[in-house]
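Okay, thanks for coming, everyone. Let me put the structure up and we'll walk through a few spots.

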Amino acid sequence: MARKVTTQHKVIVTAIAWTLGILIFFPILWTFLTSFKSEADAIASPPQFLFFHWTAENYAEVQSRSNYLSHFMNSVVISFGSTLIGLVIAMPAAWAMAFSPTKRTKDVLMWMLSTKMMPPVGALIPIYLMFRNSGLLDTRTGLVIVLTLINLPIIVWMLYTYFKEIPGEILEAARMDGASLMKEIIYVLTPMAVPGIASTLLLNIILAWNEAFWTLNLTASKAAPLTAFIASYSSPEGLFYAKLSAASTMAIAPILILGWFSQKQLVRGLTFGAVK
């Protein structure tokens, strides 16, 4: 029997949810508002929230100083490319761990997860030297390789979790019907795990889009994504908050829109298998 939820309880939970939502979203809102201020208004004390002289000159100057479209395309290629390649590699690995586990499977999973615990700066020098010697510095290919390897443990872990929720009897029935391993993964497993695969794709695209450490250290100009585009507005002369906010807004807008339109799929995928 379901527990009855009172109106007072609903009001309290709703108020808490809205409060947390506003607190989480407030930095983005403040960045958006600051992007329409002059530099004087951006550093005014006390801060001006809505009542200031609105101007779009920051966006015009950002457009004139930087090639936004080039940075945007680099971000698209790097984030989508690394995620898709990671998915192609991770799906067979997750299948093997979920449906043909060995006594070392859990050890391998923990080892993969432990690689995310190492500070990135610890691997910067060897990776930088390898990239320099192989001609991969400041290239999209180099960043796709790095971000694929960085996010691969997360992709494998997420897919492994989703695949574990799929009954193995269904795959056994497909094998009895003569399905090969490749057909089993493509035509049986993949359609059943679409919510989980979709949420994995979306989450890792966001992670790759927002990656700053490797993109700033392994690129200069040709392959620089939007994270480098934002960093270019921090200069030795000081921080120009209004222009930096305009650049930040332009950088996060595409991924924010993607997340907004795919939020239902993302939530559905993240809760896939949670309710029996």
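This is a predicted model: local features need pLDDT of at least 70, side-chain atom pairs count only at pLDDT 80 or more; totals for chains, interfaces and linings use all residues.

Residues are numbered from 1 along each chain as its sequence is written, and side-chain values use heavy atoms, with hydrogens and water left out.

So, how many salt bridges does a search of the whole structure find? It finds 3, where a salt bridge means a side-chain nitrogen of Lys or Arg within 4 Å of a carboxyl oxygen of Asp or Glu.

Start with K243. It pairs with E39, closest N and O atoms 3.4 Å apart. K243 sits in helix α13 (residues 241-261) and E39 in helix α2 (residues 39-42), so this pair ties together parts that are 204 residues apart in sequence. By helix I mean a DSSP run of H or I, at least four residues, numbered from the N terminus.

K243 also forms a salt bridge with E61, with the closest N and O atoms 3.8 Å apart. That pair again links distant parts of the chain, 182 residues apart, with E61 in helix α3 (residues 57-65). Put together, E39, E61 and K243 are linked in a network of salt bridges.

Is K243 buried or exposed? At 13% relative accessibility, K243 counts as buried, while E61 is partly exposed at 31%. The cut-offs: buried is under 20% relative accessible area, exposed is over 50%, and partly exposed is in between, with a 1.4 Å probe and protein chains only.

There's also a salt bridge between D107 and R104, at 3.5 Å, N to O. Here R104 is exposed at 53%, and D107 is partly exposed at 44%.

Now helix α5, residues 105-114. Its buried residues are T105, L109 and M112. Down the axis of α5 they fall within an arc of 60°, so they line one face of the helix; the arc is taken from the directions from the helix axis to the C-beta atoms. They pack against α4 (68-99) and α7 (140-164), contact being heavy atoms within 4.5 Å. On the face turned away from that buried side, you get exposed K106 and W111.

Last stop, the surface. I16, in helix α1 (residues 7-34), is partly exposed, with a relative accessible area of 49%. Happy to discuss!

Definitions and conventions: Helices (H or I, at least four residues) and strands (E, at least two) are DSSP runs, numbered from the N terminus.
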